[in-house]
Amino acid sequence: MALVDIKVPDIGDFAEVAVIELMVKVGDSIKVDQSILTVESDKASMEIPSSHAGVVKEIKVAVGGKVKEGSIVLSLEVAGDAAVSATASAPAAAVAAPAPAVQAAPAAAATAVVASGPVEVKIPDIGDFKDVSVIEILVKVGDNIKVEQSLMTVESDKAAMEIPSSAAGVLKELKVKLGDKVNIGDLIAILEGVGVATTPAASVAAPAAAPQAVAAPVGAVASAAPAAAVPAHAPTSNTLNMPHASPSVRKFARELGVPLAEVKGSGQKGRITEQDIQQFTKSVMSGAIQTIAAQATNTPAKGVNAGGDLGGMTLLPWPKVDFTKFGPVERKDLSRIKKISGANLHRNWVMIPHVTNHDNADITELEAFRVQMNKENEKAGIKTTMLAFVIKAVVSALKKFPDFNASLDGDQLVYKQYYNIGFAADTPNGLVVPVLKDADKKGIFQISAEMGELSKKARDGKLGGGDMQGGCISISSLGGIGGRYFHPIINAPEVAILGLSKSVMEPVWNGSEFKPRLMLPLSLSYDHRVIDGAAAARFNAYLGQVLSDYRRILL
């Protein structure tokens, strides 16, 4: 038996990184390449694997501490030569000796195996996305590539993201082209240079001179390299709106069927831990949020699609129909946006007691003013929409009726002191809700400009996570399409949503005669647990007054 120090391998261009999670404890038996801790830089999180197998005798670091390449993180008790692998300083691969009879090479020799030569770069873990399209190539053959440099941009149904390089070197070959579909683990490029992997998808191929460096066969070295690569998230992971969790926790959640978006993290910076996953699972098993969890993962819960008892109501199973018996059919997969929004809408409709108040706003003068302003500013390229005026009026209504700017948190109401307004944007892949931040501090022109930018990002599928978070109330406008009134579904955790239908000219009695007036239908859905009918009627009536006479917004 011998003690071996496990050190931090080459983790790329990072001076010091914070330890945010310990994944083993003293006394644990660990394997080669098993993740032992998670570290986080300002742009990525990554798991550090063990270069040896053995029993943990001492942990040298603590959560919150800082480590860098070469830092000792723990001591292992290993069993002779059988457990010896490449030394901890070998950056890209933990090379296990196949048998006690084979002597391990010195550290310098092991490093030489991957010091130069062809390096395969693959798609890292980009979350729960499949068949994403390559929409932009950011490099060309012959370029000098740095670790974490973006190689290409891919696009899913919901977002665009850049794929970073897991190694540094000269780009020798690109394996993908514009329009190709890629998935996690797909080979995208081959580099010639320092083969230091920093993402789980990176695969280091040993050069021809590798066999004499280690007594193990070349195939064993090559197969060990991908497993020992240090996982890291793409630096643009925030644009995916993904929960804050390490790859191992994500895998643990997938194995249990737990939707990470529904789990509240207890770790640093809201990071989700295995304990959080376990606690969530216990809550689901107790039945408290069974339906929500099932819908969020698009799996039928008992009493939802499968039939059974739900809150005392006996539901029939969802009908199974062979549609081909009646004629030709075509099947298409739901877009990712519709899968996600469908689950959320189902949850919100079931869990929130919706009531909708309908009213009309006379926008005759406001529309005439808007048209006049657009004509005056036509040369400057400034164009305002009616929705921009409605957003500003909604802010005024939120200030007058603060219950509409609140959210339920258990038995408490959280009253927000900011005014972020979400608006539904129709895209080719489905409906998304970008959020206009600090609408109370912006004028109509700025609101119109920012709405245009957010709408374009939505159509292009490039909305980031921050673009769709933090809303106080949402507005769903069907004015450009048609319809009279409708019942919009509240976007939890908000407590209200305003629906706008197509404005129409109507004869309105002014006390002495009927006059044609342009009327905008308002449909205000509200959470009856927080807001009663009288408050909703007052909110809608006040909103109509502001839109009828915009001077009221100054009061």
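These legends describe close-up views of a predicted model. Local features need pLDDT of at least 70, side-chain atom pairs count only at pLDDT 80 or more, and totals for chains, interfaces and linings use all residues. Residues are numbered from 1 along each chain as its sequence is written, and side-chain values use heavy atoms, without hydrogens and water.

**View A. Helix α10, residues 533-548.** Helices (H or I, at least four residues) and strands (E, at least two) are DSSP runs, numbered from the N terminus. Buried residues (under 20% relative accessible area; exposed is over 50%, partly exposed in between; 1.4 Å probe, protein chains only) include Phe-539, Tyr-542 and Leu-543. The buried residues of α10 pack against elements including α7 (364-376) and β30 (514-527) (contact: heavy atoms within 4.5 Å).

**View B. Hairpin of β21 and β22.** Strands β21 (residues 406-409) and β22 (residues 412-415) pair in the antiparallel sense over 4 bridges (pairing requires at least two DSSP bridges). Ser-407 has Val-414 in β22 as its bridge partner. Of the hairpin, 2 residues lie between the strands, and Gly-410 in the turn has a positive phi of about 65 degrees.

**View C. Salt bridge of Arg-484 and Glu-506.** The closest N and O atoms are 2.1 Å apart (cut-off: a side-chain nitrogen of Lys or Arg within 4 Å of a carboxyl oxygen of Asp or Glu). Arg-484 lies in the loop between β27 and β28 and Glu-506 in strand β29 (residues 504-509), so the pair ties together parts 22 residues apart in sequence. Arg-484 is partly exposed, at 32% relative accessibility.

Conventions. The expected span of a helix is 1.5 Å times one less than its number of residues.
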